[in-house]
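Hi,

Here is the structure I said I'd pass on. Have a look at it first, then read my notes below with the viewer open.

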Amino acid sequence: MGIPKNPADARTLADHAEAQWINRVRRQNEDEDAWRLIRPVADQQQQDAGDEMVILTDCAIQADCAIDIATEVKLLLKVAANPQEPEEHAQRIEDMWRWWMDEVELRQAAAAQGYLRHAVSWDGIVLGHYAGRLLLSADPGFPWDFTLIDPRTLFPDTYDGPPNCIVHQYEASLSELERYFGKRAVNKVKDTFGTTAESVPCTAFYSDTQMGILVGEEWLKPLVEHGYGFNPIVYLPVRGA
């Protein structure tokens with residue numbers, strides 16, 4: 001089953017995917033609150049009993065230590081050469097991966113988005129997932145567009161087993177949408193949400209073969225065959241987080 005072409009059917013798919021992961025999102029929000037030392041609110045029964053909620057710093061301190069350790073770990077990239085190929089080919093692949101990682105980190109910092117490894121480590125340890133998106137870009141010097149994604153905004157369409165598609169629910173400003181999709185496409189968005197809207201809700205769909213973006217009840221970016229041969233969304237759970 002692929003991504004529905006009908007916008008209403010696609011919206012139904014997105015709503016169903018988000019609903020089945022509601023407990024995961026609630027847990028991740030609670031874990032972030034614990035890391036931020038936000039005191040939980042007592043329920044009515046606890047309030048009637050005179051109980052007061054407190055929060056300890058233990059989990060936040062342990063999480064910060066783990067994040068610092070994970071941030072400083074040096075990645076070991078090992079590529080095994082095929083028996084029929086010289087080892088220098090494998091070495092070139094390892095060198096390429098190191099260059100790619102360094103370049104992604106530099107571009108992340110240049111865009112004022114912080115230190116990539118720290119952001120990835122925080123997501124993994126506090127939220128329990130790594131998430132990102134890898135697309136091709138028009139930059140001839142670096143034809144990859146890698147973006148970190150808050151894992152709480154990603155919803156596989158299946159609860160168990162490989163997903164047919166992954167839904168990404170996020171907010172985008174009108175200026176951002178115009179920069180990516182042009183004025184003509186954004187004019188339709190303005191007709192729905194108004195010209196003064198600070199941001200509009202967007203729903204992106206990604207599968208092994210297709211991707212598209214729904215805004216409101218219309219396709220802002222109609223479904224297209226991306227030709228990657230894999231789902232451009234990276235979504236990995238972290239054991240023990």
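Five strands make up an open sheet in the order 3-4-5-6-7, and their pairing is antiparallel. At the edges you'll find strand 3 (154-156) and strand 7 (218-225), each of which pairs on one side only. On average, neighbouring strands in this sheet are turned by 15 degrees against each other, ignoring direction. Keep in mind that this is a predicted model.

In case sheets are new to you: strands pair through backbone hydrogen bonds, either parallel or antiparallel.

Strand 4 is mostly covered, with 6 of its 8 residues buried.

Now go to helix 8 (residues 183-193), where Ala185, Val186 and Val189 are buried. Why do these three count as being on the same side of helix 8? Because they cover an arc of only 90 degrees around the axis. Turn to the other side of helix 8 and you'll see Lys183, Arg184, Lys188 and Asp191, which are exposed.

What covers the buried residues of helix 8? The cover includes helix 7 (174-181), strand 5 (200-207), strand 6 (210-215) and strand 7. Just after helix 8 comes Gly194, with a positive phi of about 90 degrees.

**Helix 7 against helix 8**

A bit of background: two packed helices are described by the angle between their axes and the distance between the axes. Here, the axes of helix 7 and helix 8 come within 7 Å and cross at roughly 145 degrees. From helix 7, Leu174, Leu177, Glu178 and Phe181 meet Lys183, Ala185, Val186, Val189 and Lys190 in helix 8. Sorted by class, this contact has 6 nonpolar, no polar and 3 charged residues.

**The cores**

Which residues touch the most other members of the largest nonpolar core? Of its 23 residues, they are Leu154, Leu177, Val189, Val200, Cys202, Val215 and Ile233. The elements giving two or more residues to this core are strand 1 (129-136), strand 4, helix 7, helix 8, strand 5, strand 6 and strand 8 (233-237). Strand 5 gives the most, with 4 residues.

Leaving out residues up to four places away in sequence, Ile233 touches Gly132, Arg133, Ile149, Leu154, Ile166 and Tyr206. There is also a second, separate core of 14 residues, and Trp21, Cys165, Trp219 and Leu223 are among them.

**One buried glutamine**

Last stop: Gln108, which lies in helix 5 (residues 87-110). Is Gln108 buried or exposed? Its relative accessibility is 8%, so Gln108 counts as buried; the cut-off for that is under 20%. Not counting residues up to four places away in sequence, Gln108 touches Gln113, Gly114, Leu116 and Leu148.

That's my tour. Happy clicking!

Technical notes: Residues numbered from 1 in each chain as written. Predicted model: local features only at pLDDT ≥ 70, side-chain atom pairs only at ≥ 80, totals over all residues. Heavy atoms only, no water. Pairing = 2+ DSSP bridges. Axes fitted to C-alpha atoms, helices over the stretch in contact; angles between N-to-C directions. Buried < 20%, exposed > 50% of the residue type's maximum accessible area, 1.4 Å probe, protein only. Arc of directions from axis to C-beta. Contact = heavy atoms within 4.5 Å. Nonpolar A, V, L, I, M, F, W, Y, C, P; charged D, E, K, R; others polar. Core = buried A, V, L, I, M, F, W, Y, C linked by side-chain atoms within 4.5 Å.
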